4 protein chains.
Amino acid sequence: MKVSIIGVTGYGGVELLRWLKHHPHVEVHSVHSSSQAGISLAEVYPHVVSEETWILHEIDVEAINADVVFLATPPGVSSRLTPSLLAKGLKVIDLSGDFRLQDGSVYEKWYKKTPPPADSLKQAVYGLVEWNRESIRNARMIANPGCYPTATLLGLAPLVQHQWIDEQSIIVDAKSGVSGAGRNVSLAVHFSETNENVKIYKVNEHQHIPEIEQMLRSWNEKIGAITFSTHLIPMTRGIMATIYAKTTKPLSTKTLVELYKESYKDCKFVRIREAGNFPSTKEVYGSNYCDIGLSYDERTGRVTVVSVIDNLVKGAAGQAIQNLNVMMGWEEDTGLTSIPIYP
Amino acid sequence: MKVSIIGVTGYGGVELLRWLKHHPHVEVHSVHSSSQAGISLAEVYPHVVSEETWILHEIDVEAINADVVFLATPPGVSSRLTPSLLAKGLKVIDLSGDFRLQDGSVYEKWYKKTPPPADSLKQAVYGLVEWNRESIRNARMIANPGCYPTATLLGLAPLVQHQWIDEQSIIVDAKSGVSGAGRNVSLAVHFSETNENVKIYKVNEHQHIPEIEQMLRSWNEKIGAITFSTHLIPMTRGIMATIYAKTTKPLSTKTLVELYKESYKDCKFVRIREAGNFPSTKEVYGSNYCDIGLSYDERTGRVTVVSVIDNLVKGAAGQAIQNLNVMMGWEEDTGLTSIPIYP
Amino acid sequence: MKVSIIGVTGYGGVELLRWLKHHPHVEVHSVHSSSQAGISLAEVYPHVVSEETWILHEIDVEAINADVVFLATPPGVSSRLTPSLLAKGLKVIDLSGDFRLQDGSVYEKWYKKTPPPADSLKQAVYGLVEWNRESIRNARMIANPGCYPTATLLGLAPLVQHQWIDEQSIIVDAKSGVSGAGRNVSLAVHFSETNENVKIYKVNEHQHIPEIEQMLRSWNEKIGAITFSTHLIPMTRGIMATIYAKTTKPLSTKTLVELYKESYKDCKFVRIREAGNFPSTKEVYGSNYCDIGLSYDERTGRVTVVSVIDNLVKGAAGQAIQNLNVMMGWEEDTGLTSIPIYP
Amino acid sequence: MKVSIIGVTGYGGVELLRWLKHHPHVEVHSVHSSSQAGISLAEVYPHVVSEETWILHEIDVEAINADVVFLATPPGVSSRLTPSLLAKGLKVIDLSGDFRLQDGSVYEKWYKKTPPPADSLKQAVYGLVEWNRESIRNARMIANPGCYPTATLLGLAPLVQHQWIDEQSIIVDAKSGVSGAGRNVSLAVHFSETNENVKIYKVNEHQHIPEIEQMLRSWNEKIGAITFSTHLIPMTRGIMATIYAKTTKPLSTKTLVELYKESYKDCKFVRIREAGNFPSTKEVYGSNYCDIGLSYDERTGRVTVVSVIDNLVKGAAGQAIQNLNVMMGWEEDTGLTSIPIYP
């Protein structure tokens, strides 16, 4: 099967290439970049110098001759490109946030941009594979979840679906490596400003908030507004979402672990830790896993859920390929079975 | 005035020395180490090689000939040493946790150690200067606050004291640099295990929980059990406490900032950021400041308080010297006025 | 083919597992640890929790039932185990330094340990695949090169073999990530002592010096003593060897690049950069590549060679598998073709 | 005494402020920025928010009303400003490279910029205090040495002055933290590209090469072209220069240490380590020290000199203040006596 990658010079794009190159059923047919068309990818990323020469093509929808197109583009681009890609009969997997919010006005509010056309928006399926497999199987257009929503939603799903937590009590304190901010240069990602430093950003304003709430409410419509904070950590890859919620009844850590193990028993990429054991971000580095640790605190009646992913894999490229696999009817973990790199 | 430092080979101890060396009213009279007595400090820490030769003395209470003794020792040591130091008529500033909990049984439960004798415990004053100045002025024995409690309590004080928050709603998500774990070697502080990694530890079990709750309840006895989590961040120095609580009434970020500015208007080391501006840990690096940023979220009715310190300065050595200054009747910031090191 | 890994709980051992798990012709039959036998590997390394349950076995040569044994053990262990493994008819690939020096007395001098028995030493082939392929093909026992020697020798080989440099002029300034020091705990690998720091160590005393000189002299016996320095860099993985030498005649960077491209034209894992382009360690992260950049300086008549590897892959586990592939007659890059992880 | 800082929003400028604020004889009278004039410094650097409100002034030479002006500006600026500052009778300390090279044509070649006017160039004294004290005492215009030249020249001075090394044999392998590249944003200082990475840059082309050679030749005119390489290390502050040279006669490490101790016996900021002990960059972090370790290798007849500084202190702001002290006839270490921050 032929695939094209649009936006290959971003971190999400080049990570797609790393995985797709070894995918047994896929051939990367063309790679595209709006800013650097004409040169070879190895001029932008010397680490791929030994690979076949990937020439960066312009983004010309007409000229794309693939079965599936991955869009790893900044906000506002895929909402423009997707309708014509779909019209050509191609399948689309979009790693940007453009098609994740079903309500265009919500998109407009949080992204400060024009939403995609309603008819293509309607075709978009939210690609959180673990909880949307059936819809993905029949989809032509996938809105690949955001990095923070992936960690958060996988961490919250069993509790919300079973209504074990107070719907108004959810607080998510998320920590991310700097690669989540992309490759564009700015003072915010300057090494000397970021190293030996923890920063909080977009307090109560992050565009992933409505994405998380939308999915939570698809599981339990009574879920209230969540508190969601994002922190920049001096590391390159990795997200940890530390999630707090009040339970509706006394529990135990043991019960929690059992619930999660049962909920994810058919999910190859979600690993539930035993009671007393919590995952660190490094333990999923470079892999498509989401590891989850759990604790119930009798003193407070609250649960603490710790959910970690590699933001560029399960939070972007890896999950996009997982979506491809499901959409194509292949084994869900095809080409994605690497052990995390440690240390 | 002559001071002695017991436990000078730990990070807290050597940081005391860095500050005390420039303190205009203090002479460091002797430094002590149980493990490495007999050699010079420069053999343990080559970065002090140009200073006068500090010989490491054994910890012999009888031989100590100073006015004030700083104890920068592991848990369990100062509870043993302090009674005899006090009996000699010396003043004691203890950087360990031994004398922070007024109830010996609480200490025993969280520290798994024998508490200090009740009569010396009774003399201990909790050295959170900003809120305990009067007691510190008359104290002979100071229990210097823990690093996490310092950031957390300064971040919560105005809200708790004014009863603006639901007493059962406090959640503290704290992030710390690795130096907080001390100089002892272990896999937990191994570079290859810590770099490019975020880890959560002691979930719902950290010994700083009762310390925080005790002080909060001194301000509002209805404060319930708090949820408190600690994360290890790949940096050396710095703590950020991100604090969440439900307010008892609608507020605004502007009102919050005003409350905090008013509450801390006489506190040289607490800096309140304007609305929309949040501190990062690097912005207090190497200094005795605690910087606080605030946000009220109308969607959730919750406040987010961001409180940052340098764990070895305001969270340990700097605050200890601030206590010394108050105890001695000197200007509170004597010898402590450095601008943070940036970047 | 069945393989066993002895010393799987070290960083080299667990990296072997990461690669071997995906190797198409290999089954990892047993894993062994002297220190933690009896438990499962996931208890030591939670990041492998989703894999089959690898129980850590004791190191009992009699009980090993594999075709090839990888030894990822500290100095002194493989010299003891190898003779009996060979006697059982097994093939051995040793990642330690025990069998790299052909002269036992040199080993004794630099390693301060008893050398291996002469007869098993004689069977050992130095596994620098790019320059020893033929011997490796017929070998039963491989001494896998050290991390520093790999980067250095690949960087120097064409110049030394063609006698383009003054034999007495070689200086190697090497920089390594901390994982090269292994997983044992010590102050030298403590995060707070290593982060924001560059340290030099074992000045003129590193045990890799005789290993490098031995191979250089196999190419040109007139090569004199080299100056070789090693620095610890605040990163986990990666080695850069910056190599300086005086040329025997005027050259140009262009000529150098041509020589290297020609010398390595059949080597899949050595990538020569164009003139003006130098590799960084991150550009080979997680891969088996050795990237080399070159410069000739007319002002000084010296060449600068920059050679980078991932110390745990091309400098350890990856090269060991490359040796396995050659020894077995498989394609040299079988199971080793990953694109580096970037960023 | 009143001083002004031009270019205060760069890292060198804000570091000047950190030190000058505590200098007993100095008042910072005005701070200037070409790019951000009109706002307060705390808007650019929130870490100074508690200090007096420093308003950023435009760079208007006529309006500057101070005794001494520090120029912490990019190349090409001070060559333009200095003549009129001198004409006003002010003293000037320039942290840029504009006035370091006595020969304008050499400046033009390496900096690719127009050199300063010859008459103001003639007034510039190279501010390597340890070896130029007398000239500095009488100077009106100081060219503050570059960060790499400071570490390198202090490391080489005794050997070159005593002609103990082969004049053609000097090789300097330098490693720097990222703050040396300044605060401007670029891919080269992007965290995700810099973290977990070592990069070499400007191979054989660094503009500090002629600066080093000029000073070496003032000590021994036979010194030939040096090989000098610079590497970017994933840390914020610190430079290590590892220096190699052939000796003209057999030595011992002990003799080397004695020579250096004698050479620097009156230099408060140069600390010579005992044989077998080498400094790391962290051991001078945040201080004005230059620490030097030495080794003579009998096998090769070469010395290895390890010289470390904090690039923003001894390599920039600290040394500039040291120059001020000497120029004013104050104690050389006035306001500069901090113990390094460790860890």
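Between domain 1 of chain A and domain 2 of chain A, six residue pairs are in polar contact, both residues being at pLDDT 80 or more; a polar contact is a pair of N or O atoms within 3.5 Å, where within protein one atom must be able to donate a hydrogen and the other to accept it, and residues adjacent in sequence count only if both atoms are side-chain atoms. By class, the domain 1 side that touches domain 2 of chain A has nine nonpolar, two polar and three charged residues (Ala, Val, Leu, Ile, Met, Phe, Trp, Tyr, Cys and Pro count as nonpolar, Asp, Glu, Lys and Arg as charged, and the others, Gly among them, as polar).

The model is predicted: local features need pLDDT of at least 70, side-chain atom pairs count only at pLDDT 80 or more, and totals for chains, interfaces and linings use all residues. Residues are numbered from 1 along each chain as its sequence is written, chains are lettered from A and ligands numbered from 1 in the order in which they are written, and side-chain values use heavy atoms, with hydrogens and water left out.

Domain 1 of chain A spans 2-126 and domain 2 spans 148-311, with bounds from an automatic or database domain assignment. Their C-alpha centres lie 27 Å apart. The contact (heavy atoms within 4.5 Å) takes 14 residues from domain 1 of chain A and 18 from domain 2 of chain A. About 1300 Å² is buried between these domains, 55% of it from carbon and sulfur atoms; buried area is the accessible area (1.4 Å probe) that two parts lose on being put together, summed over both. A:Tyr11, A:Trp110 and A:Tyr126 supply 47% of the area that domain 1 of chain A buries against domain 2 of chain A, more than any other three residues. Two salt bridges cross this interface (a side-chain nitrogen of Lys or Arg within 4 Å of a carboxyl oxygen of Asp or Glu). The side chains of A:Arg237 and A:Glu15 form a salt bridge at 2.7 Å, N to O.

Between chain D and chain B, 35 residues of chain D contact 35 residues of chain B. The buried area is about 3000 Å², with 61% from carbon and sulfur atoms. Zero salt bridges are counted between chain D and chain B.
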